[in-house]
Amino acid sequence: MIKKIYTILLFVTLTTLYSKDKIIIENEKVKVNLGKKLEYYVDRDGTYEVNDFINKSDIPFIKSEDENLNFGFSRDTHWVRFDVQNVYNNELDILLEYLHPHMDFINVYIVRDGIVLKEITGGDQYPYGHREIDYQNIVYNIKLPKSSETTFYIRFKTQGSMQIPLKLWDKISFAEKVNKEQFFLGLYFGVLIGLLAYNTFLCFFLRDLNYVFYVIYLFIIIILQLEINRLDVEYLWPNSIYFSNITFPMLYNLGFVFAAIFSVNFLQTKKYVPLFDKIIKIFIGIGIVGFLLTIFVSYNAGFFPVLYILAIFEPILLFIAGIVSWKRGNKVARHYTIAWSALIISSLIFNLRNITLLPSVFFTDYALYFGTVIEAIFLSVALADRINMIKAKIITVQEKFTKELEAKVLDRTRELEISNKKLSELSIKDGLTNLYNRRFFDQALEREWNRLMRTGSPLSIIILDIDYFKLYNDNYGHQAGDECIKELAESINSSINRSSDVAARYGGEEFIIILPESGMEGALKVSEKLQDNLSKKRIEHKHSKVSDYVTVSIGISTIIPSLNLTPQLIVKQSDEALYRSKNAGRNKISVY
């Protein structure tokens, strides 16, 4: 008794698994989703031919329970079959549409009375011109004789996602469907291209790096969506089989790379969410690896990191980073968060469909369309909001700065003069010694003369010259002479302490020092200190007639500037004092 029950149950199970569900066409109106009408067989070795199925009835085809068969990423050869019975009195022209245009190879076998009447090839490993019908999806024109029964065997082989969505159409219904689809796609791409053009203009106008990354990201999204629909082979590269296939995983990886780069810059993750900043940069690296794997390894290798890592985790990561950044005071993150909340949902739905965790229906198939449009719009709004906030902040800072400047302008005049003097030093310094040059000395002397003439304070000038410098150059060489001059310049700098004192190279080995508000006594102290500092350096000069080391002769003049005197007078007096030092045997200090 138990054995009989088991036999009956087994028979019922096998009947369910392997029974055929005929498609009966009774009139000219045909619109059939073949999902649950199909039987499928996984040919793991890829060795079966269509005649093996026709001649062997024991090959276990399994009845589909899904509206759209989806086996995920599989390199196995898959076969499907279905029966169509035309009970209509006329011959019918129907269309068989394959709705997943990324299948590499499709072989359709039309069988009647156990004989293969026709084999039709297709897939995206063939040029676009190979297609019977000029359309993004792969569509076959099928003739069904009146009162006939036809069996279809279809062989699928791909290195991408093994999805088998099939539909039968009459030509009028198919045309209506195409019209609606073209309207939807035209509206979708019109919105994205409009956003791209608008933001590209802003990118050139504002020269903001965030706009650069956003425009690149949006451009990749547009091309990627063309790839998903296979509109790329229809409009961009119809005859490039390799390029049309390899660009899909490449752009998929680059899309996530530039989404992450844009997010890092826009959200200022290093400032607001440093932990997320490090993780996001790891994801950028993963995307670049996926891009390179596509080029140098294979299509599947390039798809693995983006499909199983980036597409699942990166949208969530960027979404959370936006929320945390928003909570920590980054106000521009609000629109960004809304944008990614739309894309995260659509991206997850689309990719969960690709790995068969969600069914392939209209909403899951087109989830990225809705998500990308919403995301693109809100990211554009976020960028505009950011620019407005930056402008408002700049205006606030400018107003604050203006008020502070007005309040401090009187007591800061002197400091600004000193600052301006420091800035002007960049073009008025002597290249060798880094002391001021002759041009600056003349300006400084004129300025200090006029100032001290108003205050009635004294002005002292020191002129000094290296003793027997020509002999030094002749015997030690010009390079050593330059080093000697530099050493003297250091001694001069270390001898003056006030910011108002000016030391300049007057010409060759001759130097001059301006000491405002300093009398003769102060000038003498500076001169003595200078000679002392120089002697400590002990720069050898065996050819000098006054010492075995480099020495200087110094002339000093002190004047209280007045209207009946000129700045040139004090320079002339100092120069005359210098010559007295030289005439007195050099290595001397003389005053006028």
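Colleague: Where in the chain is isoleucine 428 found?

Modeller: Isoleucine 428 is found in the loop between helix H13 (413-424) and helix H14 (438-455), where helices are DSSP runs of H or I with at least four residues, strands are runs of E with at least two, and both are numbered from the N terminus. This is a predicted model, in which local features need pLDDT of at least 70 and side-chain atom pairs count only at pLDDT 80 or more, while totals for chains, interfaces and linings use all residues. Residues are numbered from 1 along each chain as its sequence is written, and side-chain values use heavy atoms, with hydrogens and water left out.

Colleague: Why does isoleucine 428 count as buried?

Modeller: The relative accessibility of isoleucine 428 is 2%, and the term buried means under 20% relative accessible area, with exposed set at over 50% and partly exposed in between, for a 1.4 Å probe and protein chains only; isoleucine 428 therefore counts as buried.

Colleague: What makes the contact of lysine 281 and aspartate 277 a salt bridge?

Modeller: A salt bridge requires a side-chain nitrogen of Lys or Arg within 4 Å of a carboxyl oxygen of Asp or Glu, and for the side chains of lysine 281 and aspartate 277 the N to O distance is 3.1 Å, so the pair qualifies. Both residues lie in helix H8 (residues 274-296), four residues apart, which is about one turn of the helix. Lysine 281 counts as partly exposed at 43% relative accessibility, whereas aspartate 277, at 5%, is buried. Glycine 285 also has its place in helix H8, and at 29% relative accessibility this glycine counts as partly exposed. The C-alpha atoms of glycine 285 and valine 257 are separated by 7.9 Å, although the two residues are 28 apart along the chain.

Colleague: How many salt bridges does the structure hold, and which residue forms a salt bridge with arginine 334?

Modeller: There are 23 salt bridges in the structure, and one of them joins arginine 334 to aspartate 385, with the closest N and O atoms 3.1 Å apart. This pair links distant parts of the chain, since arginine 334 is in helix H10 and aspartate 385 in helix H12, 51 residues apart. Arginine 334 is partly exposed with a relative accessible area of 32%, while aspartate 385 counts as buried at 13%. Aspartate 501 and arginine 498 form another salt bridge, at 2.7 Å from N to O; in this pair aspartate 501 is buried at 9% and arginine 498 partly exposed at 33%. Salt bridges that share partners also join Asp124, Glu227, Arg230 and Asp232 into one network.

Colleague: How many disulfides does a search of the whole structure find?

Modeller: The search finds zero disulfides, a disulfide being a pair of cysteine sulfur atoms within 2.5 Å. Cysteine 203 is buried with a relative accessible area of 13%, and cysteine 484 is buried as well, at 2%.

Colleague: What is the volume of the largest pocket, and which residues line the largest cavity nearest its centre?

Modeller: The largest pocket has a volume of about 920 Å³. Of its 41 lining residues, Leu99, Glu181, Phe362, Asp365 and Tyr366 are the closest to its centre, and the largest share of the lining, six residues, comes from H3. On a 1 Å grid over the protein atoms alone, a pocket is an open set of points with protein on both sides within 12 Å along at least five of seven lines, whereas in a cavity a 1.4 Å probe fits but cannot get out, and lining residues have an atom within 4 Å of a point. The structure holds four cavities of 30 Å³ or more, and the largest cavity has a volume of about 180 Å³. Among the 15 residues that line this cavity, Tyr217, Ile221, Phe256, Leu343 and Leu368 lie nearest its centre. Helix H4 (209-229), helix H6 (241-267), helix H10 (333-354) and H12 each supply at least two residues of that lining.

Colleague: Why is isoleucine 377 called partly exposed?

Modeller: The relative accessible area of isoleucine 377 is 35%, which lies between the limits of 20% and 50%, so the residue is partly exposed. Its place is in helix H12.

Terms used
Points joined across faces, edges and corners; volume = space filled by probe spheres on them.
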